[in-house]
Amino acid sequence: MSELKPIKGKIFTLPFFILLILSAIALVFIIKRFMYGLGAVSNLSDGYPWGMWIVYDVVTGTAIACGGYAMAILVYVFNKGQYHPLVRSALLASMFGYTLASVSIFFDVGRYWQMYNIFLPWYSNTNSVMFEVAACIATYILIMWLEFSPAFFEKPGSEKTLKKINSVMFIFIALGVLLPTMHQSSLGSLMIIAGDKLSGLWQTGFLPLLFLISAIMMGFGMVIFESLFSSVTLKRPLETPLLAKLSGVIPKLLIAFLIIRFGDLIFKGKLGLLFNFNLQSLMFIIENLLFIYPLIILSSQEKRNQSKCLFLSAASLVLAGSVYRFDTFLIGFSPGVNWHYFPSFAEIMITIGIISVEIMAYLIFIKTLPVLPDVKHA
Amino acid sequence: MKVDRRDFLKVLSAGAVTAAVPDNVFARAKKNVSPEAVGILYDATLCIGCKTCEIACQNYNKLTSQPSDSSNTDFDPYTFALNKIEIYRNGDGTNKESKNGYNFFKKACMHCVDPNCVSACPASALTKDTETGIVSWDSDACIGCRYCQVACPFLIPKFEYGAAFPEIIKCEMCQHVQVKGKIPGCCDFCPTGAAVFGKFSDILKEAKNRLALPEESNYKYPVGDLSGKRSKDNPVKKYINYVYGEKEGGGTQYLILSAVPFENLGLPKLPDYSNASKTEGIQHTLYKGMIAPIVLFAGLAFTTYKTAKADNQSDKGE
């Protein structure tokens, strides 16, 4: 992996400082939350116990962070070695996405001081979908740091450590594919128990399967998006041919997803809910148009080779998966007529702060560690 | 990796076959009421909305007064209790028990036979007593994730959003006085017998008896419990011929009788199984004995080992 190198450049740039300020604002609100309770900063209520933090930071954030998972499937399971240069940067983004999601859980959970109870055998409830999600995500974060660890040792003097790590790496990689398969599907299963509180447009026993497929698609979408975006912003050559080939996987997954989604709605006779002309039906339409756009574009070989088409399709796909998650957890969720939820300013600022920390950490890592392909070879 | 027509058809048919499988095929078996189970029968036709049950609840559970966070607080926004009297108005709201009228509903934990909250809780903070069937909360276990609130079809568990060290608050059917041989505060102090406590099998029988009574006849309604020590005569209203809670969501130990449709009391229409049975069925099918994950892991480890080895050799060759 000699072709990966730290990229040159100062860490403390103007965008970096802006990110720093945003995370400082978030910190103030987080302190307020710990002093006065969840109600002091959020619009959460007994009807809407989960809001922006769970739905964006955890449910959507970890799906956006599925790049590492998607690339590992492709490179190690389907043995497509040519995509290897994209693996480490994808893994790094995933690592931060998940790590920060777990930080968000810490301040969302009401009784955080005994959060470890989930993992104490006499308290663990193996019937709980939440238990499965928590256990898998916690383990996966550890595994990702182990998978990424060679980056810290790829320097003179650490050859022995590096060799040791690499000899057992296949175990970490295998777990790195197994664990997201388990918890990305279970994130969907979480909402099955909500029953009719979730609109028939989203409530289905197929939630685990649909969440899994869409997480993998979002992973590929994110790899393409990140690669093109960092090429432009960090003034590096575009990796379009490689990405074009990679994007060929997406239409197949999209077709499977849409068939199951609509097949299920038709069989259950729930598609009529689409004509209620309310926020839910509008969001359902937006969500599916965002899924169909990349299907149309990426089915064409010619368009796949244009970086602009690739970029837009990838962005649309990631957005589609995100809207699907927001719909399933918030828009489609209605506990009763008297309940309303829209995230408060503080809730939004805390989420923005979390994202800022994530981007800052990513920038520091790619500038100090061998993550991105060296320009000469790329 | 172009999508050709054959690929498309393959994916299409695989997807269609998957979607055609009914999604409750994995649901696990329903749970049964324990023979020792206790319960409360709430007869909405007898409720006069006096809220004595709320005050009794406060005293029995030593609750400090604090406005509740309920969706239906216009009738009584200030009393904080584990059971709340809600008012439901229809039309001009002049007469009780009429279509164009108002109705009271005593909202409290339904103590489901197969509770979603117990299934959802990752830290076993919510448990169902194997004998009495009472669903209670353990402060030492709870992590405050509020998944119970997402899971409960009746919106019962309340969370202290305004507290730095919050707790989940819910009715535990005064089990702390039941062990001393007393009955829950709400039933003990209900002056009309709208809420009566008893063994589940007895209150179910009582509910069905009442449905069979002739309209406008006089009935000696038991007060407090079903022992007959206390009672109050009242004319029988025209009941809806249904016991809410006998089947709802897999059954509840809090049964409800009413003279108006149950949706007028804010009660949801639920299937005769608990959603927990569906979720647990899916999870246990996928994770039975961890066989599927272990097999998948073995396959993945084997494949990645081969791929990684091949990669290392080609690296050395460069």
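Me: Which residue of E4(B) is the bridge partner of B:Lys96?

Reply: The partner is B:Tyr102. This is a predicted model, in which local features need pLDDT of at least 70 and side-chain atom pairs count only at pLDDT 80 or more, while totals for chains, interfaces and linings use all residues. Residues are numbered from 1 along each chain as its sequence is written, and chains are lettered from A and ligands numbered from 1 in the order in which they are written.

Me: Why are strand E2 (84-89) and strand E3 (95-96) of chain B said to stand at the edges?

Reply: The open sheet has three strands in the order E2-E4-E3 (chain B), with mixed pairing. E2(B) and E3(B) each have a single partner strand, so one side of each lacks a neighbour in the sheet.

Me: Which strands stand at the edges of the open sheet of four strands in chain B?

Reply: The order in this sheet is E11-E9-E1-E13 (chain B), and the pairing is mixed. Strand E11 (224-225) and strand E13 (254-257) of chain B are the edge strands; each has a single partner strand, so one side of each is without a neighbour. Strand E1 (residues 38-43) of chain B pairs with E13(B) in the parallel sense over four bridges. Within E13(B), B:Ile256 is the bridge partner of B:Tyr42.

Me: Which helix lies across E1, strand E9 (195-199) and E13 of chain B?

Reply: Helix H7 (residues 200-212) of chain B does, running at about 20 degrees to E1(B). Axes are lines fitted to C-alpha atoms, for helices over the stretch in contact, and angles run from 0 to 180 degrees between N-to-C directions.

Me: What is known of the contact between chain A and chain B?

Reply: Residues are in contact if their C-beta atoms, placed from the backbone, lie within 7 Å. By this rule, 69 residues of chain A are in contact with 63 residues of chain B. Helices H1 (14-36), H3 (67-77), H5 (129-148), H7 (159-189) and H10 (249-268) of chain A each supply at least two residues of the side that touches chain B. That side of chain A divides into 40 nonpolar, 22 polar and seven charged residues. Here nonpolar means Ala, Val, Leu, Ile, Met, Phe, Trp, Tyr, Cys and Pro; charged means Asp, Glu, Lys and Arg; the others, Gly among them, are polar.

Me: Why does the radius of gyration of chain A agree with a compact globule?

Reply: The radius is taken over C-alpha atoms, and the globule rule is 2.2 Å times the number of residues to the power 0.38. For 378 residues a compact globule would have a value near 21 Å, and chain A has 21 Å, so the two agree. The C-alpha trace of chain A spans about 65 × 50 × 45 Å along its principal axes.

Me: What share of the residues in chain A is buried, and what share in chain B?

Reply: A residue is buried if 20 or more other C-beta atoms, placed from the backbone, lie within 10 Å of its own, exposed if 12 or fewer, and partly exposed in between. Buried residues form 54% of the 378 in chain A and 44% of the 318 in chain B.

Technical notes:
Two residues are in contact if their C-beta atoms, placed from the backbone, lie within 7 Å. Two strands pair if DSSP finds at least two bridges between them.
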